[in-house]
Amino acid sequence: MQIAKVRGTVVSTHKDSSLKGVKFLLLQFLDEEGRLLPEYEVAADNVGAGVDEWVLVSRGSAARQVSGSEQRPLDAAVVAIIDTVSVGNRSLYSKKDEYR
Amino acid sequence: MQIAKVRGTVVSTHKDSSLKGVKFLLLQFLDEEGRLLPEYEVAADNVGAGVDEWVLVSRGSAARQVSGSEQRPLDAAVVAIIDTVSVGNRSLYSKKDEYR
Amino acid sequence: MQIAKVRGTVVSTHKDSSLKGVKFLLLQFLDEEGRLLPEYEVAADNVGAGVDEWVLVSRGSAARQVSGSEQRPLDAAVVAIIDTVSVGNRSLYSKKDEYR
Amino acid sequence: MQIAKVRGTVVSTHKDSSLKGVKFLLLQFLDEEGRLLPEYEVAADNVGAGVDEWVLVSRGSAARQVSGSEQRPLDAAVVAIIDTVSVGNRSLYSKKDEYR
Amino acid sequence: MQIAKVRGTVVSTHKDSSLKGVKFLLLQFLDEEGRLLPEYEVAADNVGAGVDEWVLVSRGSAARQVSGSEQRPLDAAVVAIIDTVSVGNRSLYSKKDEYR
């Protein structure tokens, strides 16, 4: 999985019929120091993530291992909202600190 | 999924027999600011997208999660025509504005 | 799918037994202007493509969606010989013009 | 598979319900000389790997070929802790030497 | 598939139990002129390849289309030892010449 930050949303009314009701988030990837990279992914949201939250995104066939999405033409999904990222003993990110 | 712009078409008469009737679009990827990237993909069109429209493209096995394409040797498909892309409170793209 | 040009062949006698009789083509990818890129792929040929022809190559599990290859350890296959590539109203490539 | 070094952990309480109990490791990839690359992956740990160990990471659908993970939305998993890496007759890495 | 050169081996005793008995080769990719690239892959060996041989490596789910590996968490496998690579009428590589 990759670590990404929720930046926004993508809306489409004219789409594959199986995608009705799927919420598309615009994610921007973060590097190993938590800096924004010039790479993004549009992913189905399975966990109710909000703008600026750090999330884990699964790509490829993993995106369809989510209840209800087995037969949707999805190649990326948000599968977790991140609480903390630690490198060795050092805290790289803590959601609690960001939002208090 | 990635955001791409429809640029043109690819036509082939001599192809795997399962691909008869599939329309191939030439897509060019866009970066997170909506600028054209020097990367493209040829994707099966499932939604009737036209030149210059912004679309969502799914790659890998997701491209075969479309009714009728389950057993076609496809690794990319247009799965949605984009109405709007928003980053935070800012609108990055609105189809309505482009086409009025 | 990506657009590639057939450059040559790869021959192997000592290989996974399921690959007997598979013809391997050496493909070089083309950019969105039709120029050769420094990237190649060795792909199973399903359509009888010849040197210098432009083809569509599918990668990943798509390469096994071809009759007879369902259980071969292939991750790339030539699935179509390209007749024309058009960008907007402009013709980028026409096989007829190349070969007359 | 790629060779990576375990750098830390990622913790999430709000996630796809199938991911309960999965331990997420933050891995950093190594190049062919064993130097850290600026690329990472968050992977499910199947083997009890610890910080600084060298591991093999499998990506894509391979990550779900682990007992119990068949239907989890995972696209990366640690599948082995590396003892030795040899290039020709030269030893590039030996866990025994690192930890004595 | 990609063309790679066998450079060495990776040994692991502590690994997913399904991987017992699998031999892991360290492969380094070659460019379209046969030069070593700074990219490698650790792949399961299915064909008994030796150091310095040129091989075809399949990645992704293709690596599990080998008898006995269907349920192993592998994302790369050596599927063929290369005899010759030809570009047009030119020979880029011939195993016979290398080893006589």
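**Close-up views of a predicted model**

**View 1. E:D16 and the residues it touches.** Setting aside residues up to four places away in sequence, E:D16 touches E:P73 of its own chain, along with D:V47, D:V66 and D:V79. Please keep in mind that this is a predicted model. To find E:D16, look in the loop of chain E that runs between strand 2 (14-15) and strand 3 (24-30).

**View 2. The charge on E:D16.** Here is a buried residue without a salt bridge: for E:D16, the nearest side chain of opposite charge belongs to E:R72, 7.8 Å away. The side chain of E:D16 does have a polar contact with that of E:S18, at 2.6 Å.

**View 3. C:H14 and its contacts with chain E.** C:H14 sits in strand 2 of chain C, which covers residues 14-15. Its relative accessibility is 44%, so C:H14 counts as partly exposed. Apart from neighbours within four places in sequence, C:H14 is in contact with E:V47, E:A80 and E:I81. For a sense of scale, C:Q2 is twelve residues from C:H14 in sequence, and their C-alpha atoms are 29 Å apart in space.

**View 4. Chain A and chain D as copies.** Chain A is superposed on chain D by a rotation of 72°, with 0.0 Å of shift along the axis and an RMSD of 0.0 Å. That is the relation of a five-fold axis. The copies use different surfaces, and 4% of the contact residues of chain A recur in chain D.

**View 5. Chain pairs without contact.** No contact joins chain A to chain C, and their closest C-alpha atoms are 10 Å apart. Chain C and chain D are likewise joined by no contact, with closest C-alpha atoms 10 Å apart.

How values were computed: Residues numbered from 1 in each chain as written. Chains lettered and ligands numbered in written order. Predicted model: local features only at pLDDT ≥ 70, side-chain atom pairs only at ≥ 80, totals over all residues. Heavy atoms only, no water. Contact = heavy atoms within 4.5 Å. Least-squares fit on C-alpha atoms with pLDDT ≥ 70 in both. Helix = DSSP H or I, 4+ residues; strand = E, 2+ residues; numbered from the N terminus. Buried < 20%, exposed > 50% of the residue type's maximum accessible area, 1.4 Å probe, protein only. Lys, Arg positive; Asp, Glu negative; His and termini not counted. Salt bridge = Lys/Arg side-chain N within 4 Å of Asp/Glu carboxyl O. Polar contact = N/O pair within 3.5 Å; in protein donor to acceptor, adjacent residues only side chain to side chain.
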